[in-house]
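Have the sequence and the 3D view ready, and follow along as we go.

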Number of protein chains: 2
Amino acid sequence: MIASSLPSRLSAVAALSASLFCTSLHAQAPLQIMPLPAHATIASGSFAVAGPLPVVFTGYKEPRLERARQRFLANVASRTGVPQWATALASAPVITIHTGGPSATVQQVADDESYKLQVTRSGITLDAPTPLGVMHGLQTLLQLIELTPTGFTIPAVTIDDAPRFPWRGLMVDSGRHFISLDVLYRTLDGMEATKLNVFHWHLSENQGFRLESKAFPLLTEKGSDGLYYTQQQAKEVIAYARDRGIRVIPEFDMPGHATAMFVGYPDLASGPGPYTIERQWGIFDPAMDPTRESTYKFLDKFFAEMTALFPDAYFHIGGDECNGKEWDRNPRIQEYMRAHNLKDDAALQAYFTTRVQELVTKHGKIPIGWDEVLQPNTPKQVMIQSWRGQESVADSAKRGHNVILSSGYYIDLSEPASQHYAVDPLGKAASLTPEEKSHILGGEATIWSEMVTSETIEGRIWPRTAAIAERLWSPQDVTDQASMYKRLAIAAQTLTWQGSPYLATSSNMIDRIANGKDSAPLRVLASVVEPPKEYARPDLKPYDSSSPMNLLVDAVSPESDTARNFRDLAARIASGTASPAEHAQARQWLILWRDNDAALQPTISSSALAAELAPISRNLHDSSTIGLTALDAIEQKKPLASATSSQQLAALKTLEAPQAVLLNQTVPGIEALVTAAGH
Amino acid sequence: MIASSLPSRLSAVAALSASLFCTSLHAQAPLQIMPLPAHATIASGSFAVAGPLPVVFTGYKEPRLERARQRFLANVASRTGVPQWATALASAPVITIHTGGPSATVQQVADDESYKLQVTRSGITLDAPTPLGVMHGLQTLLQLIELTPTGFTIPAVTIDDAPRFPWRGLMVDSGRHFISLDVLYRTLDGMEATKLNVFHWHLSENQGFRLESKAFPLLTEKGSDGLYYTQQQAKEVIAYARDRGIRVIPEFDMPGHATAMFVGYPDLASGPGPYTIERQWGIFDPAMDPTRESTYKFLDKFFAEMTALFPDAYFHIGGDECNGKEWDRNPRIQEYMRAHNLKDDAALQAYFTTRVQELVTKHGKIPIGWDEVLQPNTPKQVMIQSWRGQESVADSAKRGHNVILSSGYYIDLSEPASQHYAVDPLGKAASLTPEEKSHILGGEATIWSEMVTSETIEGRIWPRTAAIAERLWSPQDVTDQASMYKRLAIAAQTLTWQGSPYLATSSNMIDRIANGKDSAPLRVLASVVEPPKEYARPDLKPYDSSSPMNLLVDAVSPESDTARNFRDLAARIASGTASPAEHAQARQWLILWRDNDAALQPTISSSALAAELAPISRNLHDSSTIGLTALDAIEQKKPLASATSSQQLAALKTLEAPQAVLLNQTVPGIEALVTAAGH
């Protein structure tokens, strides 16, 4: 045997390299579930999942419960690999579910979603007032399954759970990029897994009108590029959602964000036309004409059709980001405004909103709009969705409007889960009375789709949306970030068991870029870079609605687990609290990153999709080289000269800038090392 | 900077460790497609895929072609990430498809599947007599797309292609384990990608009857555990298959393999009953009673229903593995045999088969049966499917029966692709006349489902079935194994682009076993082990129809690419033709494998699914240790003592034996090293 000491170190690094891509899931008890329940008491012992899990229903019964049972068993089988088809052959009932009664025929905000779950060594009982609680309880039960040295088990526990907020939503923008139905179905599966209960379906945009209208067929014939949902498909989505305890609320945005409607129906608009589908991203001038009765006649008929299709009590009419320029340019509209004493565009929009609200109300629905619809005379029954922030939420509630928060939950902006997790719908509501607070119904994550396609959207939605789901479900004091991240990793795995392909899709996209070369160096780079934050991306490179989204920025997670872990590690090293093993790990990472640039060259030179990665790969090399110098200085207790330290910090500042539309997220951790090395 | 020479070696091993799991795809031209076409001429230059690819049809048109176009564009988008929805906005037609005329209303064996494809720098033309050729040509075109340093391109080429055999099938056994519909749909997608054209659907078994019968509802009510396809679902599968140029042939196995039918209809059987669904694997005694007219009355009505449901001209009635024991035990049947001069069980089965054939023929179908149905008086029109072998195929053809080969194509037996690839339907047909040879229509891969579930079946079907598809499509002299394996790796990637999740599923199963621990050591082990071959698996451990299939043997590929590559490497080292880099690679592998046992221990001790892996992991450690000794001896030119060499070869013999129902497939390569080291 030769070189026996070398190989063991070699294989340690080989293992480390692979471990960049996975996170330890079972580092500690207690409950590793997300969202955390309102109350839980952990007992000793556990229930063994050794074979089929028979489920017996008592109390109220309906077909939806039977389908929930089948879904539960399919998920148990998927989680464990233990077949669940033969439950009828098993001897005793092991899961007894008691349902008090039905939920509302059309799911309502006020529906009771609570449940009680008890797991003992000998059996499991789930008790809920309605099928909604049963479904939530079954998701909790699924997440409780764990693999131990002796087999699959569910820890003995008593859970008494109910959501903090009744409105826990996810808005998907099918307008800017059409999102395929299979993605929507899987998104609803993920919402069920995370106990979200409102699917807000953004169906019209400047770039596309996405729902069949029988009354106005030109909406899709001319406004969708052929990419739209039929009414039958929408019905199936609604039924699928109801089966999972999820309401479906359509949004048809107006008076702005409606160019695609004007392609087929130019008379709706305020400009001379003709209109074409918008191919660029941004805020555009076209807007509905609020001054013509024909507009309201159109909308009346349109709402009649759409409110009949969507059973939910709420109906979203958008109302955001109308810049008024088409109004300003139209003399007839200007004349109308003077004649009717509408002093500015805001007043004209308020007039329009009032008319639209009346129509929506006439068709039996409660209107929802974005902040802009809230005007001095807006009727109390109009609900507000706030993209402006917690103050706006508190203000709306004070004024007696039901309101939900979306500001802070824009998951298209590639922010870390911790940032969303820290945002509370009641964040600025301290001064509100309990009655005023009760108007704050919850919140909605939103995935606007300028920068996502059907291929990439799931990797943007998950797993971060699970952190928002916890914010909206769990008690207000559930705020520990470390716990959240630990459980978020488990939630990611749960989503995978339940059929979400988002991790595999990301991996496939990396393989596509790698173009048959060894993909390991590309995965190393992918593990530490992130997309630019907020709205920086289109400033770095032009995008339109037909831009391929097939580069590394589209494949990577919006949040790098490795970079976050490295940042934590660097902080411990900087504070002198890191163990020798942690020092060694930091060094191994830095060496891996530094040397990765050379390893990536064959990919860069063979693949057009990788060609732009040369500078960001070099960037990682440079930052890691600096990091190793700092680590040496710390470990050898030879502080860096002040000039060196300043020079390196300046260099790191430069390396923070995006390249290939990507951020090297190792830089903050390395900055911490350099700063510490300078003392 | 410290230790700069060490880290570069470290990262080389880190990269190597990852490269175990991927294969270089573009090692060489020419055409990297599978199956290879009959004729191809490669020109210079290429066609750039920079945006949407408009497709224009000329000649015969039908909706199936439009759906094929949409599927093609979706696959182009999936392969490239370049959106294809805006083809209507693109300027010029770039793909012109001319279709001569329709294929048969019900797809036939005689349908023309040929096509001509020409790719130039300026455009693409596809010309085919029927839509079937168009679909095949589009699959070829998809596979021709490659990523270069400058973008996605299709090499300029002229292809004139047609299949060697008209019957290129895959049999899926939905009887023993129910296979979910989504798996079947994806399987049909994979068949389209590999130009297979017969989906043989094995629908009844001792363990389950899987298709709704309205005439005999107890078949599924009592014989399926609730796991069956409705007739509506079957119709949708048939339509989906037709859209992809695939015929669907149902098989209802009889007189044996029919226990599940007897649960609801015990009078069909030859024993006293009652019957229950069989839970064990094997050959069982229950058999239809051939002596009662009521049996044929039942089958007449059953065939009337099923032949109406399945439009194909062929209808499979099984006929295999009836052991006759129930007949032997039934005095009334014995009396009947004497009275009718049926001298033994074979004669009785021949009588039954004749009656069944008559019924199938009466309902307008051509019967197919396994070898056993071929008896001296079997009508010529009965087609034979051979599980017995090439001689049996030649014999059937000589006797004037159409025949297909399945022996050698049993993909459930975990044999390497090369083994299937070497089997030719005409392998024993040298002495046949051309007319006799023309009866050999092709072959079918078969996936019997004792050892697969819906979760694992796709990882058993793919990619090896693509090698069989090439055997059946491409010219007889396309037999080069190295080329096949290179293109098989690309085919695996193509299947992934087209939506097959089989690689991700395997990865998820490994994650399940790893149980939140670093999965890298488990992946190292997984990369070099294989399931036992042929029927060895149930001898190593008991299995029945409810056994979980969630262990490493179920997660790994039936054929280890790494082990095959190592075997090739070892052969080069043994023959003295390996380069220094190859020596270094062999050493790195052996060190990785040797040290993996220690790295795997945390997983083994935490996961019940990994617990049984201790001995096979130690086995890999032991074989690698021997391999390193041998490599040292070779490299240091110090031959092993004869006693040492013999001892090590004996130890390797022991290590060849399966452990944890897995084979350590590094052993053959290591044996080659030890043998070479002894010289």
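Start in chain B with Thr603(B). If you skip the neighbours within four places in sequence, Thr603(B) touches Ile513(B), Ala514(B), Lys517(B), Asp518(B) and Ala610(B). Keep in mind that you're looking at a predicted model, not an experimental one. Where does Thr603(B) sit? You'll find it in helix α23 of chain B, which covers residues 580-606. Is Thr603(B) buried or exposed? With a relative accessible area of 1%, it counts as buried, because the cut-off for that label is under 20%.

Now hop over to chain A and look for helix α25, residues 642-655. Let's check its length. The helix has 14 residues, and at 1.5 Å a residue they should span 20 Å. The C-alpha atoms at its ends are 20 Å apart, so expectation and model agree.

Which residues of α25(A) are buried? They are Ser645(A), Gln648(A), Leu652(A) and Leu655(A). Look down the helix axis and you'll see these buried residues fall within an arc of 80 degrees, so they line one face of α25(A). Here's a handy bit of background: an α-helix has 3.6 residues a turn, so residues three or four places apart point the same way.

What do the buried residues of α25(A) pack against? Their partners in chain A are α24 (614-635), β19 (663-664) and α26 (667-677). Let's zoom in on α26(A). The axes of α25(A) and α26(A) come within 10 Å and cross at roughly 175 degrees. An angle over 145 degrees counts as roughly antiparallel, so that's how these two helices run. On the α25(A) side, the contact is made by residues including Ser645(A), Gln648(A), Leu652(A) and Leu655(A). On the α26(A) side, Val667(A), Ile670(A), Glu671(A), Val674(A) and Thr675(A) take part.

Last stop: a strand. Strand β8 (residues 167-173) of chain A runs parallel to β17(A), and 6 bridges join the two. As part of this pairing, Val172(A) has Ile447(A) of β17(A) as its bridge partner. Strand β16 (residues 403-405) of chain A also runs parallel to β17(A), joined by 3 bridges. There, Ile404(A) stands opposite Gly442(A) of β17(A).

Conventions. Residues are numbered from 1 along each chain as its sequence is written. Chains are lettered from A and ligands numbered from 1 in the order in which they are written. This is a predicted model: local features need pLDDT of at least 70, side-chain atom pairs count only at pLDDT 80 or more; totals for chains, interfaces and linings use all residues. Side-chain values use heavy atoms; hydrogens and water are left out. Helices (H or I, at least four residues) and strands (E, at least two) are DSSP runs, numbered from the N terminus. The expected span of a helix is 1.5 Å times one less than its number of residues. Buried means under 20% relative accessible area, exposed over 50%, partly exposed in between (1.4 Å probe, protein chains only). The arc is that of the directions from the helix axis to the C-beta atoms. Contact means heavy atoms within 4.5 Å. Two strands pair if DSSP finds at least two bridges between them. Axes are lines fitted to C-alpha atoms, for helices over the stretch in contact, and angles run from 0 to 180 degrees between N-to-C directions. Angles under 35 degrees count as roughly parallel, over 145 as roughly antiparallel, 65 to 115 as roughly perpendicular and the rest as oblique.
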